[in-house]
Amino acid sequence: MRVALVTESFPPDVNGVAHCALQTARHLVRRGHEPLVIAPLANSAPAATGHGQESPCPVVRVPSMPLPGYPQVRIALPGRRLSAALDGHRPDLVHLASPFVLGARGMAAAARRGVPAVAVYQTDMARYARTYLGRGGTAAWRRIRAVHAAADLTLAPSSAALLDLTEHGVPRVRLWPRGVDSARFHPGRRDAVLRSSLLAGRELLVGYVGRLAPEKDVRLLAETSRLPGVRTVVIGDGPSAAALRAQLPEVRFLGRRTGDELARLYASLDVFVHTGPYETFCQTVQEAMASGVPVVAPAAGGPLDLVDHGRTGLLVPSGDGMAVRDAVRTLFGDAELRVRYGDAGRRAVAARTWEAVGDQLLAHYDDVLADRTAVAA
């Protein structure tokens with residue numbers, strides 16, 4: 001099968017959309033299919049078609065510009081490269097990863113060519129618009145609905161996202177979760193020397209992993225960071241980094257980490273805390289669970305599917321830093337409970353490999369292609 005994977009982001013970008021698109025491309029190649037990635041030109045990516053440093057398949061980069069106020073995010077500009085890439089690849093199916101700008105053009109191009117399209121919903125653009133612009137949520141939902149309604153199938157990463165889409169009038173929605181590298185993210189990566197260096201004489205190591213941006217609400221770690229005996233670390237980068245360093249003087253900021261180094265950091269934590277309320281899935285929660293670490297997360301969005309409250313971690317009200325602190329304090333006082341939650345979390349996600357969810361995606365592709373064939377007959 002020839003698949004055109006049109007994505008709003010791709011490595012070297014570091015975010016959930018880019019990572020999922022990369023894993024999707026890898027799985028398609030692993031199963032003998034022929035993917036082509038079409039993505040915005042990143043700051044350090046080659047402009048021409050070719051194999052990127054991490055990509056298993058050819059990548060076509062289209063011209064882009066940085067999002068005002070958030071230069072790490074690139075917005076694709078209009079041009080002929082997308083259409084030319086589709087005509088050259090002649091896909092059997094177009095996969096649209098978090099379609100909004102480039103994805104919307106990819107949807108229109110697929111429709112003009114009579115090619116079926118599967119749209120993967122990953123980013124809550126309506127809430128992002130309200131966060132960054134103070135307005136625009138209604139307009140964002142109109143665009144989301146228009147793009148996804150044109151798809152043969154929309155895939156939602158969590159039950160909360162599926163409900164959100166259907167309540168806003170998006171048809172033909174099914175659930176497709178995200179995979180996790182449960183070999184890399186593993187309790188066996190726990191590193192006593194690393195823990196000692198980070199704890200610096202304290203007793204409990206609490207960590208956040210992710211982008212440092214307004215919608216992530218990392219400021220809510222303030223109360224937790226002041227708990228006696230607790231060392232709080234933040235792993236990641238983004239536009240809010242400088243402001244957060246000033247707001248959270250007790251927190252140790254480690255910057256962006258990847259690969260095995262990131263896996264060691266996850267496994268060396270005693271508690272993982274996620275603070276952002278707008279996650280359609282929340283991959284970092286799943287990676288922490290695979291690492292055998294109990295999780296504290298908001299009772300909203302993707303974490304509702306991942307965290308079994310009172311079994312694999314604790315869910316707290318969104319936007320409540322005191323509730324985050326109290327949940328961490330509860331886990332601080334009970335080492336046995338931390339172990340129990342961590343073990344249960346690992347068991348819950350260990351089988352959710354990218355290979356397993358990749359095969360689920362291929363089953364969705366087959367259903368779409370079969371439906372198109374039936375209609376044509």
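This is a predicted model: local features need pLDDT of at least 70, side-chain atom pairs count only at pLDDT 80 or more; totals for chains, interfaces and linings use all residues.
Visitor: At what angle to β11 does helix α10 (residues 259–268) run?
Guide: Residues are numbered from 1 along each chain as its sequence is written, and side-chain values use heavy atoms, with hydrogens and water left out. Helices (H or I, at least four residues) and strands (E, at least two) are DSSP runs numbered from the N terminus, while axes are lines fitted to C-alpha atoms, for helices over the stretch in contact, with angles from 0 to 180 degrees between N-to-C directions. Helix α10 lies across β11 (204–209), β12 (230–235), β13 and β14, and its direction relative to β11 is about 135°.

Visitor: Which strands stand at the edges of the sheet?
Guide: Six strands form an open sheet with parallel pairing, in the order β13-β12-β11-β14-β15-β16; two strands pair if DSSP finds at least two bridges between them. Each edge strand has a single partner, so one of its sides is left without a neighbour in the sheet; these strands are β13 (252–255) and β16 (313–316).

Visitor: Which residue in β15 is the bridge partner of Val 273?
Guide: Strands β14 (residues 271–273) and β15 (residues 295–298) pair in the parallel sense over two bridges. The partner of Val 273 in β15 is Val 296.

Visitor: What angle does the direction of α11 make with that of β15?
Guide: Helix α11 packs on the sheet, touching β11, β14 and β15, where contact means heavy atoms within 4.5 Å. With the direction of β15, that of α11 makes an angle of about 165°.

Visitor: How is α11 oriented relative to α14?
Guide: Helix α11 (residues 283–290) packs against helix α14 (residues 335–349) at about 115°, their axes 7 Å apart. Angles under 35 degrees count as roughly parallel, over 145 as roughly antiparallel, 65 to 115 as roughly perpendicular and the rest as oblique. The orientation of α11 to α14 is therefore roughly perpendicular.
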